[in-house]
Amino acid sequence: MTIQRQYSSPSCQLTLQGLSDSHSPSESRPCMSMLMNAECKFMDSAGHSISGGRDFFESLVTRVSRYTQSMLSEVMVPETQDQSEPLQNVTLQKLDHHLHRLTVYPDQHSGLESGPKTQAMTVDLTTVQLFDLVETIDQFFADSRTLPDLTLNLQPASKRYVKPEQPTAQRIVPAAIGISSVALAAIAFLTLPVPEVKRPRDLLPQPQTQDAPGTIPPGTPPDGLTQPQTPSSEVSPQSTLTPSQTITNPEAINGLQSQLDEKLIQTWTVTPELTRPLIYRVSVAENGDIIGYASVNNATPEEEKLIPLPQLLYRIPGDARPTEPVADFAVRFNPDGRLEINPWLENGN
């Protein structure tokens, strides 16, 4: 039994033709269980129309739904993260603020209304036409008697793809909020430009000739860490950890951990080149600056280029070493995009 269903909006009409596996004459509206052809016609001056089979229709509704989700949320997920469609034969590209290009690439299961099947069909849609297309797709999903096995699985985008509207320095909340006047002053200072602070070399304490009890001699790597040997004329980013006083206040450590997590989420983009977890010991100063880090599992220079620590490192001019208290954290960059940050333990991470 052949069935035809139509879903309409002011500038778009979606027509589905299919079959029902039910032969009961008592059904007033039989269920369409098999799709033979789907046609989407736009009510513009050119009368553009695209059509195809089941694979074309599944790819169309998935791509359009995800594109409009990204456009409304302003969180653009890279195409490499979108792997759930059975066929990638439909694409949507933003041309400008009010124009979007819909392209259908033919395959052995889909067809186009006009032109040879070896050519792609391109339709430029206004934002109004795009949302009318979304409206017809919503009408289809609201119809439980048409292709009930077809569902749309939309996942929320990870916050690592969100582009911050303000620099990190203007959005950091004070780590320890115990005095209301400090919190109010911090809010007031957020409206002021953040000055660039440079530490004068001549005001920093000079290195001591003798090591104080309980400290690590300069140049000695922390326990459990492997640091590369570099010539004296070259400083390796992996050998930037220096002995300093340790921050022990739990509230301050939690605040610095939140700041470090926010910085890494905003600056790290997962790439296919990252094939194994990279583990680092990261030192953070009281003001939230990253003043040192070292690889725990011997990351190569090529692997280190895939993480944001070299760009976030605060470099002190000259040969001076930081002496302010620091908090150390164990940071794990996973290939699947997960960040794991925990306070560093002296007996390992």
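So, Val104 sits opposite Met121, and Met121 belongs to E7. This is a predicted model, where local features need pLDDT of at least 70, side-chain atom pairs count only at pLDDT 80 or more, and totals for chains, interfaces and linings use all residues. Residues are numbered from 1 along each chain as its sequence is written, and side-chain values use heavy atoms, with hydrogens and water left out.

Strands here are DSSP E runs of at least two residues, helices are H or I runs of at least four, and both are numbered from the N terminus. Two strands pair if DSSP finds at least two bridges between them; E6 and E7 have six, in the antiparallel sense.

Okay, the sheet. It's open, three strands, ordered E5-E6-E7, with antiparallel pairing. E5 and E7 are the edges with a single partner strand each, so one side of each has no neighbour in the sheet.

What packs on it? H1 does, touching E5 and E6 (contact means heavy atoms within 4.5 Å). Its direction makes about 35° with that of E5; axes are lines fitted to C-alpha atoms, for helices over the stretch in contact, and angles run from 0 to 180 degrees between N-to-C directions. H2 packs there too, touching E5, E6 and E7, at about 105° to E7.

Now the largest nonpolar core: 31 residues, with Leu16, Ile50 and Phe57 making the most contacts inside it. By that I mean buried Ala, Val, Leu, Ile, Met, Phe, Trp, Tyr and Cys joined through side-chain atoms within 4.5 Å, buried being under 20% relative accessible area with a 1.4 Å probe, protein chains only. H1 gives the largest share, six residues.

And back to our pair: leaving out residues up to four places away in sequence, Ile50 touches both Val104 and Met121, among others.

Technical notes: Buried means under 20% relative accessible area, exposed over 50%, partly exposed in between (1.4 Å probe, protein chains only).
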